[in-house]
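Visitor: I should like to go through this structure and hear the grounds for each term you apply to it. Please set each value against its criterion.

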Amino acid sequence: RYVVVRRSPDDQVLIAIVTAEGPYADEVEQLAHTALAQPGVVGFHWLLNNTRTDLSFGSPLRHWGAETLAMRVGATSLMIGPNTFFQNNVHLLDQLLAAVGEAVGPAPSVADLYGGVGTIGMHLAPQVGQVISVESVAESSARAVQNCAAHGIGTMQVINQDVLDYLRTQPVAAWPVAVADPPRTGLGPEVCAELLRIAPQRLVYVSCNPLTLVEDLRLLGSHYRLRQLTGYDMFPHTPHVEVLA
């Protein structure tokens, strides 16, 4: 169904193919060996997706070569897998992370909502007391734990839980700053309501969909004032833009 190619800034490549169920084992193994013989290819994954959804992810069946790919971001290397969400445009990512760090500033604690493999949280760790990274995808949470351990970061707590469920357990003023990097669907009314209840002093919102960002800002605007809005052309020659609020 799909061939997914992930390339690191160091020109290493992790390939995943996504198929439905079928007697493909011999063909896939032959394809894996052919792929791994190419320069720069470090790993090959076979993923299963029987659903009708248009998603280039799947349940792992088997892999050859390296299980993960090292994505270098500034001075940090983050290990990602075939189902891991990660910013495609690594060249602009450094600038975006620097801007997020500036917006957060020094703080005793920061909630990193939709934390993924720890990209934002690990960047913030040196400047804040504690980072609480919340991520619902188990594979990404596991990678975040591994990435923190590899870089000796002991001030980041990784929680594998749905963001809304996590927020519902938090008291008012649980942390002074929250960073959110949600999927294209945005935060939505329920998450916004919980953030308004907890009432951190500052919200830093990374959006990949300005349309859902506008809806969320309307809800958050009852208690928060928008101070800065910056666009990042992460996807040149497409109508998509990343926005930092």
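Visitor: What makes Ala-149 and Ala-150 of α4 count as exposed?
Guide: In this predicted model, Ala-149 and Ala-150 sit on the face of α4 turned away from its buried side. The term exposed applies because a residue so named has over 50% relative accessible area.

Visitor: Which residues of α4 are called buried, and why?
Guide: They are Ser-140, Ser-141, Arg-143, Ala-144, Asn-147 and Cys-148. The criterion for buried is under 20% relative accessible area.

Visitor: How do you know whether these buried residues line one face of the helix?
Guide: Viewed down the axis of α4, the buried residues fall within an arc of 160 degrees, so they line one face. Among the elements that cover them are β6 (76-80), α3 (119-124), β8 (128-135) and β9 (156-160); to cover here is to have heavy atoms within 4.5 Å.

Visitor: What does the corresponding reasoning give for α1, residues 25-36?
Guide: The 12 residues of α1 should span 16 Å at 1.5 Å a residue, and the end C-alpha atoms are 16 Å apart, which agrees. Its buried residues are Val-28, Ala-32 and Ala-35. Seen down the axis of α1, they fall within an arc of 70 degrees, and therefore line one face of the helix. The face turned away from that buried side carries the exposed residues Asp-26 and Gln-30. Cover for the buried residues of α1 comes from elements including β2 (13-19), β3 (41-48) and β4 (59-65).

Visitor: Why is one space called a cavity and another a pocket?
Guide: A space is a cavity because a 1.4 Å probe fits there but cannot get out, whereas a pocket is an open set. The structure holds one cavity of 30 Å³ or more, and the largest cavity has a volume of about 40 Å³.

Visitor: What makes the lining of the largest cavity nonpolar or charged?
Guide: The lining divides into 10 nonpolar residues, no polar and no charged. Its members are Leu-113, Ala-178, Val-179, Ala-180, Leu-187, Leu-195, Leu-203, Val-204, Tyr-205 and Leu-220. Ala, Val, Leu and Tyr are among the types that count as nonpolar, which is why this lining is so classed. Both β10 (177-180) and β11 (202-207) supply at least two of the lining residues.

Visitor: What lines the largest pocket?
Guide: The largest pocket holds about 1400 Å³ of space. Its lining has 50 residues, of which Phe-57, Thr-84, Phe-85, Phe-86 and Gln-87 lie nearest the centre. The elements giving two or more residues to that lining are β1 (2-7), α2 (90-104), α3, α4 and α5 (163-168). By class, the lining has 25 nonpolar, 15 polar and 10 charged residues.

Visitor: Which element gives the most to the lining of the second largest pocket?
Guide: That element is β11, with four residues. The second largest pocket has a volume of about 590 Å³, and 20 residues line it, with Arg-202, Leu-203, Arg-227, Gln-228 and Ala-245 nearest its centre. By class, its lining has 12 nonpolar, four polar and four charged residues.

Methods. Residues are numbered from 1 along each chain as its sequence is written. This is a predicted model: local features need pLDDT of at least 70, side-chain atom pairs count only at pLDDT 80 or more; totals for chains, interfaces and linings use all residues. Side-chain values use heavy atoms; hydrogens and water are left out. On a 1 Å grid over the protein atoms alone, a cavity is a set of points where a 1.4 Å probe fits but cannot get out, and a pocket is an open set with protein on both sides within 12 Å along at least five of seven lines; lining residues have an atom within 4 Å of a point. Grid points are joined across faces, edges and corners, and a volume is the space filled by probe spheres set on the points. Buried means under 20% relative accessible area, exposed over 50%, partly exposed in between (1.4 Å probe, protein chains only). The arc is that of the directions from the helix axis to the C-beta atoms. The expected span of a helix is 1.5 Å times one less than its number of residues.
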